[in-house]
Amino acid sequence: MSETAETEAPIRAATRPQVPGRVIFNPLKDTSKPQEYYDEIKQKFAEARDLRLSYRPDGRAQYTSELTGALAKYEVDPHAETIVDRAPITDTVEVILIGGGFSALLTAARLRERGVESIRIVERGSDVGGTWYWNRYPGAACDVSAYDYMPLLDEMGYVPGSFYAKGPEIFAHCQAIAKRYDLYDLAVFQTTVTSTAWDAKTKLWTVGTDRGDKMTARFVIVANGTLSKPKLSKIAGMETFQGHSFHTSRFDYKYCGADLSNLKDKVVGIIGTGASAVQIIPRVGRAAKELYVFQRTPSAIDIRDDTPTDPEWAASLKPGWQEERLAKHMKGPQISEEDKAALAALPREEKIRRQENQNIEHMMRIHRRVEEVVKDKATAEALKPWYMHRCKRPCYDDEYLPAFNLPNVHLVDTDGKGITEVNARGVVFEGKEYPVDVLIYATGFEVQVTGIYNDIRGENGLELNEKYADGMRTVFGIHSAGYPNLFIMGGYQASFQFNLTFMLRTQGAHIAECIKYVRERNYSTIDATPEAEQWWVDEVIRHRGKTNRNKECTPGYYNFEGEENRRQDGNYNGGFYQYFLHMEEVRKDMEKHFRFA
Ligand SMILES: Cc1cc2nc3c(=O)[nH]c(=O)nc-3n(C[C@H](O)[C@H](O)[C@H](O)COP(=O)(O)OP(=O)(O)OC[C@H]3O[C@@H](n4cnc5c(N)ncnc54)[C@H](O)[C@@H]3O)c2cc1C
């Protein structure tokens with residue numbers, strides 16, 4: 001979760017929480033209601049979680065991202081106009097970036113600034129943009145202030161048009177970055193990297209692809225995305241459905257019409273009510289003849305209150321404004337010496353009690369909003385999330401809840417069960433059939449998996465995920481011993497930020513510095529030492545499991561769907577600023593932490 005506080009946002013309504021994703025629960029403040037009130041709600045949270053786990057004890061195995069055979073269509077790129085025919089590539093470049101999203105763009109920009117010329121992006125899609133290339137569903141927009149989320153605003157001389165940028169604006173920004181840093185010249189699109197193997201003799205990586213390429217590169221950066229491989233719930237009969245169906249990240253405008261007008265005589269079903277669905281449902285709800293929304297667990301919907309950027313504020317920005325803003329966020333809210341002392345004196349249990357009580361009050365405010373907006377009582381009840389804030393990804397939307405007041409929008413609440421059957425005509429729940437013309441799977445993505453579509457073999461031929469079989473082993477989630485000149489972005493053992501580009505930017509800058517170090521000293525390779533790796537694994541373990549969140553939260557992708565997992569197989573929870581400071585420290589003594597050849 002973000003440690004990021006938002007400051008100096010222009011024209012914000014006073015009613016709206018100033019910190020999307022990061023509502024601060026202050027342990028120095030106590031709550032006013034009797035403790036039984038909070039205990040009762042906490043008990044209901046636990047019951048809701050237990051109910052869900054009883055239906056789906058199979059954790060992450062309830063999903064599949066092996067989209068082959070009848071499911072292969074769910075991964076096909078709807079944005080590719082044509083598949084460009086080309087001869088296999090067998091050249092050598094200095095750096096290959098696997099993936100063309102913000103991770104790749106941010107790192108490439110930093111590499112260019114350090115004089116690296118030969119940089120190739122290899123991307124499965126037909127352009128750069130990653131998330132924002134693929135996710136073009138109606139309503140796609142960032143959920144973090146665009147002034148923080150859209151990276152390189154200083155460098156690009158760009159100010160987003162509104163507080164939350166829409167998908168097309170972010171995609172265009174990605175393209176502009178690629179142009180500005182000459183990343184199109186060597187880029188290869190419509191190409192999936194399938195193998196990445198280290199050659200100890202040549203000290204080069206060989207990158208094989210689904211287009212028959214065998215490219216070589218000195219450095220490889222695995223920037224395959226945190227949420228880029230679509231996954232589907234394993235639902236019996238999915239492949240028998242005779243209507244039209246697609247995943248949210250492959251939104252089919254050819255079928256729906258650019259303005260969704262083709263849906264006016266269609267009955268649409270949407271399975272899932274997570275962050276993508278929340279943005280899609282109001283738009284499809286207004287366009288479709290009927291919309292059935294199949295819900296397992298409701299999202300928590302907070303106020304969005306999006307506003308256009310104040311032109312006067314934009315004009316007043318001085319060069320370096322975004323950097324300054326992010327630097328402030330990095331350190332988080334500053335607390336006085338007096339408060340520090342008061343915090344130190346407070347027993348841990350009391351801190352947790354107060355924070356949990358505030359969290360519950362926050363969630364009850366979310367509940368009240370549902371009651372105020374949604375007219376039908378039963379629908380409103382079903383839309384109330386029974387879990388702590390940040391157990392699931394928080395959503396910010398002002399159109400989602402009102403969509404359920406439309407006469408053609410129907411919520412089918414499965415009360416934690418989820419949909420388990422689809423037939424030729426539509427969705428079946430508890431024996432009742434819901435015939436639909438179109439079925440949209442809003443079932444999310446694989447989370448933070450390194451090496452998707454790709455087999456990464458290091459010095460001893462060991463595949464990276466096989467190395468992780470006994471627990472992840474990295475330094476900063478970026479370097480893994482035995483994989484020289486390989487850098488990983490967006491995986492576990494790194495800090496997690498609700499504003500993810502901030503974290504990716506930090507990783508990119510670190511990687512660029514490492515590559516610069518190797519080049520300047522005429523080294524061939526950089527590899528983490530086993531000691532450095534052990535240090536970081538211990539750091540990750542030390543900071544995980546401090547709270548009961550994984551156990552107490554309702555299942556979702558934040559807590560591995562309720563699965564038990566090793567403490568080292570997750571994000572570094574020591575705080576983003578601390579992550580950044582550790583990187584700085586390590587870079588001060590590179591020879592201690594890395595082996596160079
Ligand atoms: C719908 C949606 C909304 C989001 N909103 C926010 C938000 O509001 N705030 C926020 O902080 N984050 C948000 N995120 C997270 C978002 O993914 C990150 O902010 C960021 O864009 C990730 O950049 P990336 O480059 O790491 O990954 P991606 O943007 O996912 O790019 C990775 C790319 O790698 C490609 N790829 C993967 N494997 C291979 C391979 N083997 N060969 C070739 N190419 C490959 C993929 O096709 C993909 O294009 C959102 C994610 C989604 C899905």
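This is a predicted model: local features need pLDDT of at least 70, side-chain atom pairs count only at pLDDT 80 or more; totals for chains, interfaces and linings use all residues.
In helix α2, the buried residues are Phe102, Ser103, Ala104, Leu105, Leu106, Thr107, Ala108, Ala109, Arg110 and Leu111. Burial covers 10 of the 12 residues of α2, leaving the helix mostly covered. From its first C-alpha to its last, α2 reaches 16 Å, close to the 16 Å expected at 1.5 Å a residue. What do the buried residues of α2 pack against? Their partners are the strands β2 (92-98), β3 (119-122) and β6 (214-222), together with the helices α5 (153-156), α6 (167-180) and α16. Just after the helix, glycine 115 takes a positive phi of about 85 degrees.

The ligand comes next. It is surrounded by 37 residues, and the closest are Gly99, Gly101, Gly130, Gly225 and Ser228. Helix α2 (102-113) returns here: along with α3 (131-134) and α16 (500-520), α2 gives two or more residues to this shell.

Elsewhere in the chain, three strands form an open sheet in the order β14-β15-β16, with antiparallel pairing. β14 (421-422) and β16 (432-435) stand at the edges, and each has a single partner strand, so one side of each is left without a neighbour in the sheet. In general, strands of a sheet pair through backbone hydrogen bonds, in either a parallel or an antiparallel way. Here, β14 and β15 (residues 426-429) pair in the antiparallel sense over two bridges. Valine 422, for instance, has valine 427 of β15 as its bridge partner.

Leucine 71 lies in the loop between β1 (63-64) and β2. Glycine 208, by comparison, is 137 residues from leucine 71 in sequence and 24 Å away in space, C-alpha to C-alpha.

Finally, a word on confidence. The chain averages a pLDDT of 93, and 96% of the residues score at least 70. Over residues 1-21, however, the pLDDT is below 50, and this stretch has 56 contacts in the model beyond near neighbours in sequence.

Notes:
Residues are numbered from 1 along each chain as its sequence is written. A residue is near a molecule or strand if its C-beta atom, placed from the backbone, lies within 6 Å of it. Helices (H or I, at least four residues) and strands (E, at least two) are DSSP runs, numbered from the N terminus. The expected span of a helix is 1.5 Å times one less than its number of residues. A residue is buried if 20 or more other C-beta atoms lie within 10 Å of its own, exposed if 12 or fewer, and partly exposed in between; C-beta atoms are placed from the backbone. Two residues are in contact if their C-beta atoms, placed from the backbone, lie within 7 Å. pLDDT is the predictor's confidence in each residue, from 0 to 100. Two strands pair if DSSP finds at least two bridges between them.
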